[in-house]
Amino acid sequence: MELTTVWFLLIAVLWTGYFVLEGFDFGVGILLPLLGRDELDRRTLVQTIGPVWDGNEVWLLVAGGATFAAFPEWYATLFSGFYLPLFLILLALIVRGVALEYRNKSDSSRGWDRAFFWGSLGPAFLWGVAFANIVRGVPLDADHEYTGSLLTLLNPYALLGGLAALTLFTLHGALFVQLKTEGELRERAARLVRTLGPAALVVGGFFLVTTQLMVGKPVTWAAVAVAAAAIAGALVATLRGRDGWAFAANTVAIVAVTVTLFAGLWPNVMPALDPANSLTVDNAASTPYTLTVMTWVAALFTPVVLAYQGWTYWVFRRRLVRPLGDGQTARG
């Protein structure tokens, strides 16, 4: 297998990990006003992701760094053409991080909770818009420079992608809250899952079928079927009280959706509306020497990072209940 193919697959894996892990962070933030009926509920919801949210963002940093090193032409075109949407995502992530760090250090957490909500909803929607545009193709000139405007990116298909991502991540967050909490908070999350699941099936299914009809390949119909079956499985598992299986099933759905997008993209990394101007894994890649060095570095350090993050989730695996009267949180 050529190194350009290896790094395309690795970048796809990094984005998949980011969407799986950061997806439930976004979902918890989006659901904070719905599930958090009082300060004790909201504090518990924030604590479900408190030990892991910053580690989950590492996947985004590594995906961006890997793209810069392995496919510099792709990185340059993406971050120049999508500058404003990516800037808004970065700004929202900064605001969300500040809100999570400062909400318990302020006399009033209301403002920080609103920042957490918008800092979660914005990226959840905009990542869907961005990736829908990448898969669909954008106007590029012969020098691989983006020639459209912001309105070009806000086409109906991209907005559908944003809505599908928002719905799927919100469902993922509800399933995570259901998995990580007990009592009334868990029951409210389970009721939301029963509403969000069908919505994710309809919106996500419409987006994936549209994607298949536009750029899909015969083999990716299997991934679409897996995504639909996994969301349905999450609903069934929720109805049976199997919280772990429900969360795992929706994780499979997110993986299948990402596989559909990247498989539809291959061998392009940034399709152009004029196919002659498209960026591919060949004309956007770094030199073979650079890719070889990167491969050795990734082989050495990736297992260490995965082991550390897995250990973090294992340490904080227990469920949370509402805080006690002294502000501490009892663990079930």
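Planes under 30 degrees apart count as stacked, over 60 as edge-to-face and the rest as tilted. The model is a prediction in which local features need pLDDT of at least 70 and side-chain atom pairs count only at pLDDT 80 or more, whereas totals for chains, interfaces and linings use all residues. Residues are numbered from 1 along each chain as its sequence is written, and side-chain values use heavy atoms, with hydrogens and water left out.

The pair of Phe24 and Phe176 is stacked, since the ring centres are 4.0 Å apart and the planes lie at 15°. Phe24 belongs to helix H1 and Phe176 to helix H9, so the pair ties together parts that are 152 residues apart in sequence. Helices (H or I, at least four residues) and strands (E, at least two) are DSSP runs, numbered from the N terminus. Phe24 is buried at 1% relative accessibility, and Phe176 is buried at 5%; buried means under 20% relative accessible area, exposed over 50% and partly exposed in between (1.4 Å probe, protein chains only).

A tilted pair is formed by Trp127 and Phe131, with ring centres 6.4 Å apart and planes at 55°. Both residues lie in helix H7 (residues 110–136), 4 residues apart, about one turn of the helix. Trp127 is buried, with a relative accessible area of 7%, as is Phe131, with 9%. Trp127 and Phe131 are also members of one aromatic cluster, which includes Trp15, Phe19, Phe26, Phe169 and Trp266.

The axes of helix H1 (residues 3–35) and helix H9 (residues 156–180) come within 6 Å and cross at roughly 80°. Axes are lines fitted to C-alpha atoms, for helices over the stretch in contact, and angles run from 0 to 180 degrees between N-to-C directions. H1 and H9 are therefore roughly perpendicular (65 to 115 degrees) to each other.

Leu279, found in strand S2 (residues 279–280), is buried with a relative accessible area of 0%. Leaving aside neighbours within four places in sequence, Leu279 is in contact with residues including Glu73, Trp74, His144 and Met270.

Key
Parallel < 35°, antiparallel > 145°, perpendicular 65-115°, else oblique. Phe/Tyr/Trp six-rings, centres within 6.5 Å; stacked < 30°, edge-to-face > 60°. Contact = heavy atoms within 4.5 Å.
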